[in-house]
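Let's take a friendly walk through a protein model. Keep the sequence and the 3D view open as you read, and try to find each residue as it comes up.

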Amino acid sequence: RAGEILGIAGVEGNGQKELVDMLFNFNTPNSGTIAVNGTSILGMPQQKIRELGVSLVPEDRMLYGIAGAASIEENVISDRSGKKKFNNGPLFNMKAIHEEADRLIKEFTVLCKSRSQQVGMLSGGNIQKVVVAREFSNEPVLILADQPTRGIDVGATEFIRKKLVELSRSGIAVLLVSADLNEVMELSDSLIVMHNGQIAAYFEDTAGLTDDIMGEYMLGLKQQSPEEVRRVCHD
C-alpha cells in the first residue's frame, strides 16, 4: 500500500527471488494476477512497467543494476533518456543531462571523480548508490528493493535504509526483500515470511516480532492458516 514498507523475509531459496522476477517481468507466473493501481502488468514490457511508476533495485546490481563500462551519467539517465526534458528529437539535451547527473551524484553522495567516471571503477557501496539514485529519483509509486544493502559498507547501508524510510513516508509503496533479518524487521511496517514458495505468515505490525518467532515460520516449523495469511490482501 502507498506509504507502507512491506517486508519479505525467509531463508534464501524459498521463492523471494522468483516473486520479484515475476513482479518485474523477468519471469511469468503459471497463474494469478499482478496489478499496479488497478493496471495489470503481467507480460508487460519492463519500460512500460517503469512508466507506471515501478522502480527496481535488483538483487544482483552488477548484472541487472548497472552497465559497468558506461559512465555514472549514462547509468543514472538510462531510464529517462527518452523524456522531452533530456531528448529534443534526434539530439540529447546534454546540459539538462549533465545537471541531472550532478544533482543525483550530490543528493546520493556518490564518491567519484566526475560524472564521466566508469561505474565499474567505483566501490560496491557507491555502485549501489548509483543504482538507487536512478531508481529512487524517477517519481516511483512502487519500489521493489531486493537485497538493497547486500555486500556494501556501513555508511552506504545506513544511507539507503534512511532513503527507503523517507520515500515510504512520502507516500511511496516499498516492497523490501532482505536476507538481513534485522534490516527487514527494523524497516518494515508489516511483514510476510516465505517458506517453500508460499507465504507462511503475515504480520500486520512488526513491533512485537522476535527472531525466535520469525525463525519458526522461516524454517517451516509453523504455518499460519490461509485466513490469517489473506490479511495481507487489502481492498
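## Starting with R115

R115 is partly exposed, with a relative accessible area of 26%. This is a predicted model, so the values here are computed from its atoms.

What does R115 meet in a salt bridge? Its partner is D102, with N and O 3.0 Å apart. D102 lies in helix 5, while R115 belongs to the loop between helix 5 and helix 6, so this pair ties together parts that are 13 residues apart in sequence. D102 counts as partly exposed as well, at 35% relative accessibility.

## The whole protein

Now let's zoom out. The protein has ten helices and ten strands. Its radius of gyration is 18 Å, close to the 18 Å that the globule rule gives for 235 residues, so the protein is as compact as a globular protein of that length. Along the principal axes, the C-alpha trace spans about 55 × 40 × 30 Å.

Of the 235 residues, 48% count as buried. Contacts also tell us how the chain folds back on itself: among those between residues at least 6 apart in sequence, 64% join residues at least 24 apart.

## Pairs of opposite charge

Side chains of opposite charge can pair when their charged atoms come close. How many salt bridges does the count come to? The total is 22. One of them joins R150 to E12, with the closest N and O atoms 2.6 Å apart. R150 lies in the loop between strand 7 (142-146) and helix 7, and E12 in the loop between strand 1 (5-9) and helix 1 (16-23), so the pair ties together parts that are 138 residues apart in sequence. R150 counts as partly exposed at 32% relative accessibility, and E12 is partly exposed too, with a relative accessible area of 47%.

E99 and K95 come to 2.6 Å between their closest N and O atoms, and both lie in helix 5, four residues apart, about one turn of the helix. Here is a handy idea for picturing that: an α-helix has 3.6 residues a turn, so residues three or four places apart point the same way. K95 counts as exposed at 57% relative accessibility, whereas E99 is partly exposed at 45%. Elsewhere, salt bridges that share partners join D79, R80, E100, R103, E107 and K163 into one network.

## Rings that meet

Next, look for the aromatic rings. A search of the whole structure finds five aromatic pairs. In one of them, the rings of F108 and F159 have their centres 5.9 Å apart and their planes at 70 degrees, so the pair is edge-to-face. F108 lies in the loop between helix 5 (94-107) and helix 6 (124-136) and F159 in helix 7 (residues 154-169), so the pair ties together parts that are 51 residues apart in sequence.

The charged end of K163 sits over the ring of F108, 4.9 Å from its centre, and the charged end of K129 sits over the ring of F159, 5.1 Å from its centre. K163 is also part of the salt-bridge network with D79, R80, E100, R103 and E107. In another part of the model, F24, F26 and Y64 form one aromatic cluster.

## A helix with a buried face

Let's finish at helix 9, where M214, G215, Y217 and M218 are buried. Seen down the axis of helix 9, its buried residues fall within an arc of 165 degrees, so they line one face of the helix. What do these buried residues pack against? They pack against strand 1, helix 8 (181-187), strand 9 (190-195) and strand 10.

F203 lies in strand 10 (residues 198-203) and Y217 in helix 9 (residues 211-218), so the pair ties together parts that are 14 residues apart in sequence. Both F203 and Y217 are buried. Helix 9 is followed by G220, whose phi is positive, near 80 degrees.

How values were computed: Residues are numbered from 1 along each chain as its sequence is written. Side-chain values use heavy atoms; hydrogens and water are left out. Rings of Phe, Tyr and Trp (its six-membered ring) pair if their centres lie within 6.5 Å; planes under 30 degrees apart count as stacked, over 60 as edge-to-face and the rest as tilted. Helices (H or I, at least four residues) and strands (E, at least two) are DSSP runs, numbered from the N terminus. Buried means under 20% relative accessible area, exposed over 50%, partly exposed in between (1.4 Å probe, protein chains only). A charge sits over a ring if NZ of Lys or CZ of Arg is within 6 Å of the ring centre and within 35 degrees of the ring normal. A salt bridge is a side-chain nitrogen of Lys or Arg within 4 Å of a carboxyl oxygen of Asp or Glu. The arc is that of the directions from the helix axis to the C-beta atoms. Contact means heavy atoms within 4.5 Å. The radius of gyration is taken over C-alpha atoms; the globule rule is 2.2 Å times the number of residues to the power 0.38.
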